[in-house]
Amino acid sequence: MAAHNDGMETLSTLLSAVRDCDICAANLPLDPRPVVHVDASARILIIGQAPGTRVHESGIPWNDPSGDRLRQWLNIDREQFYSDKRLAIMPMGFCYPGKGRSGDLPPRKECAPHWHERLLAQMPSIELVLLIGQYAQSYYLNDEFKTLTERVQSHPADSYFFPLPHPSPRNQLWLKRNPWFDAKVLPRLRQRVGDILETT
């Protein structure tokens, strides 16, 4: 794996190091295949959990039903989602972590401390960070909210971080139980995303 070159790192060399990363290979069920999608011109950063099996196989982030719903939430079509360099994707865990008793295992804990700060340093124009799911929110937010539901409902809509539930089909019951999300949070999210993409 490439060495960390303080102060001299470029996005190209950093992404090459990410692709070669094997720091948690011994704990993965499949060979490492880090999945990130970043660009120096990014304005919006999406931080989710970790790739599932379909994303691992394709190497394309959010290439699954969860991604379909996320794009619907953002009011962005598939073509723009993958081609617009102002949209960046950097999950908490870069590789598929394996299957647990009720869905995929949590993202590996090695990725974020090792890579996130370095990748963020290469994206100086980020205006909005979408924190999708409890793992991203626990890592980046130090707030008083005890549950994801409280945080998503009450977090300031104009802040740098925008917490969201995971768009997985497994969360369908949560969405039904919390109709305020569709009625109040999604319009604010779409407004924030639209404003950024229309002015940059």
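**Exercise 1. Find where Asn75 sits in this predicted model, and decide whether the residue is buried or exposed.**

Solution. Begin with the chain around the residue: Asn75 is found in the loop between α3 and α4 (78-83). Next, look at the backbone, where phi of Asn75 is near 60°, a positive value in a residue other than glycine. This deserves a remark, because most residues other than glycine have a negative phi. Finally, take the relative accessible area, which is 62% for Asn75; since exposed means over 50%, Asn75 counts as exposed.

**Exercise 2. Classify the ring pair of Phe81 and Tyr82, and then the ring pair of Trp174 and Phe181.**

Solution. A search of the whole structure finds eight aromatic pairs. In the pair of Phe81 and Tyr82, the ring centres are 5.0 Å apart and the planes stand at 85°. Because an angle over 60 degrees counts as edge-to-face, the pair of Phe81 and Tyr82 is edge-to-face. The rings of Trp174 and Phe181 have 5.7 Å from centre to centre and 70° between their planes, and this pair is edge-to-face.

Phe81 counts as buried at 1% relative accessibility, Trp174 is buried with a relative accessible area of 15%, and Phe181 is buried with a value of 0%. Ring pairs also link Trp174 and Phe181 with Trp73 and Trp180 into a cluster.

**Exercise 3. Describe the protein as a whole: how many helices and strands are there, and how does the radius of gyration compare with the globule rule?**

Solution. Start with the secondary structure, which consists of nine helices and six strands. The radius of gyration is 16 Å, close to the 16 Å that the globule rule gives for 200 residues, so the protein is as compact as a globular protein of that length. Along its principal axes, the C-alpha trace spans about 45 × 45 × 35 Å.

Note on methods
Residues are numbered from 1 along each chain as its sequence is written. This is a predicted model: local features need pLDDT of at least 70, side-chain atom pairs count only at pLDDT 80 or more; totals for chains, interfaces and linings use all residues. Side-chain values use heavy atoms; hydrogens and water are left out. Helices (H or I, at least four residues) and strands (E, at least two) are DSSP runs, numbered from the N terminus. The radius of gyration is taken over C-alpha atoms; the globule rule is 2.2 Å times the number of residues to the power 0.38. Buried means under 20% relative accessible area, exposed over 50%, partly exposed in between (1.4 Å probe, protein chains only). Rings of Phe, Tyr and Trp (its six-membered ring) pair if their centres lie within 6.5 Å; planes under 30 degrees apart count as stacked, over 60 as edge-to-face and the rest as tilted.
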